[in-house]
Amino acid sequence: MASPTISRAPSAGHAPGRAKTVAAALCLLALSFGALVVMVSYLLDAREGQRVDQAAMDAVYARRDALDQLLSVLGYLSIGTMATAIVVLVSMAALRQRFAAAVGAVAVVAAANITTQVLKRVVLDRPDHGYGWHVNSLPSGHTTAAVSLVVAALLVAPVALRGLVVLVGTGAIVLTGVSTVVAGWHRPSDVLAALAVGLFWGAAVV
């Protein structure tokens with residue numbers, strides 16, 4: 001007599017995945033609480049922390065000295081900087097023999113930035129409805145560069161470092177996008193459009 005086939009419960013195969021999700025959630029909970037404690041103890045209670053916090057808020061008003069600092073930061077994001085970053089990322093991928101990731105990193109940076117320039121200079125036009133300058137500036141080239149480089153870094157980074165790449169990369173993207181708005185180079189929509197272009201090509205390459 002043939003032995004009956006015993007089927008495994010549908011949820012059993014998902015248990016390891018659930019455990020990882022719960023563990024990640026608990027880690028995020030602990031990190032969030034720790035970050036809150038640090039912010040309260042340093043940025044709220046400490047003199048130096050309050051100075052840093054106030055200076056960050058004042059930068060939004062784009063006073064002359066703050067504007068000069070923002071423009072100096074944006075100046076670092078040039079074609080030369082992007083080329084250097086790409087060489088480093090491709091080299092990292094090649095050393096780990098992840099050649100598809102290396103090609104993907106180059107593809108996402110090239111495609112995203114070419115798309116932004118074509119959209120901004122050829123395809124899109126801004127009607128003059130009396131709100132500011134009517135020359136089209138959407139999407140933001142600086143923000144596209146930052147987003148595409150972060151996505152490229154995620155493609156080649158080892159799994160263990162991807163969280164750090166997301167953390168640092170998000171900060172770089174936010175700093176770049178906010179700086180272009182505060183400096184008067186771009187509107188918020190330009191920054192959001194650049195983010196959409198970068199994520200689009202990131203998803204396409206993946």
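This is a predicted model: local features need pLDDT of at least 70, side-chain atom pairs count only at pLDDT 80 or more; totals for chains, interfaces and linings use all residues.

Colleague: Which helix does valine 90 lie in?

Modeller: Valine 90 is part of helix α4.

Colleague: How far apart are valine 90 and alanine 105?

Modeller: In sequence, 15 residues. In space, 7.2 Å from C-alpha to C-alpha.

Colleague: Now the nonpolar core. How many residues are in the largest one?

Modeller: The largest nonpolar core has 22 residues. Val108, Val109, Ala152 and Val156 have the most contacts inside it. The elements giving two or more residues to this core are α4 (79-95), α5 (99-123), α6 (141-156) and α7 (159-182).

Colleague: Which element gives the most to this core?

Modeller: That's α6, with 10 residues. As a general point, nonpolar side chains tend to be buried together in soluble globular proteins.

Colleague: What does valine 156 touch?

Modeller: Not counting residues up to four places away in sequence, valine 156 touches Leu89, Ala93, Arg96, Arg98, Ala101, Ala102 and Ala105.

Colleague: Change of topic. How many salt bridges does the count come to?

Modeller: The count comes to 1 salt bridge. The side chains of glutamate 48 and arginine 51 form it, at 2.6 Å from N to O.

Colleague: Why are glutamate 48 and arginine 51 about one helical turn apart?

Modeller: Because they sit 3 residues apart in helix α2 (residues 47-58). In general, an α-helix has 3.6 residues a turn, so residues three or four places apart point the same way.

Colleague: Last one, α7. Where is its kink centred?

Modeller: On valine 165, and the kink is about 25°. Valine 165 is also one of the buried residues of α7. Others include Gly169, Ile173 and Thr176.

Colleague: What span should α7 have?

Modeller: At 1.5 Å a residue, its 24 residues should span 34 Å. The end C-alpha atoms are 35 Å apart, which agrees.

Colleague: And what comes just after α7?

Modeller: Glycine 184 takes a positive phi of about 85° there.

Methods
Residues are numbered from 1 along each chain as its sequence is written. Side-chain values use heavy atoms; hydrogens and water are left out. A nonpolar core is a set of buried Ala, Val, Leu, Ile, Met, Phe, Trp, Tyr and Cys residues joined through side-chain atoms within 4.5 Å. Buried means under 20% relative accessible area, exposed over 50%, partly exposed in between (1.4 Å probe, protein chains only). Helices (H or I, at least four residues) and strands (E, at least two) are DSSP runs, numbered from the N terminus. Contact means heavy atoms within 4.5 Å. A salt bridge is a side-chain nitrogen of Lys or Arg within 4 Å of a carboxyl oxygen of Asp or Glu. The expected span of a helix is 1.5 Å times one less than its number of residues. The bend at a residue is the angle between axes fitted to the seven residues ending there and the seven starting there.
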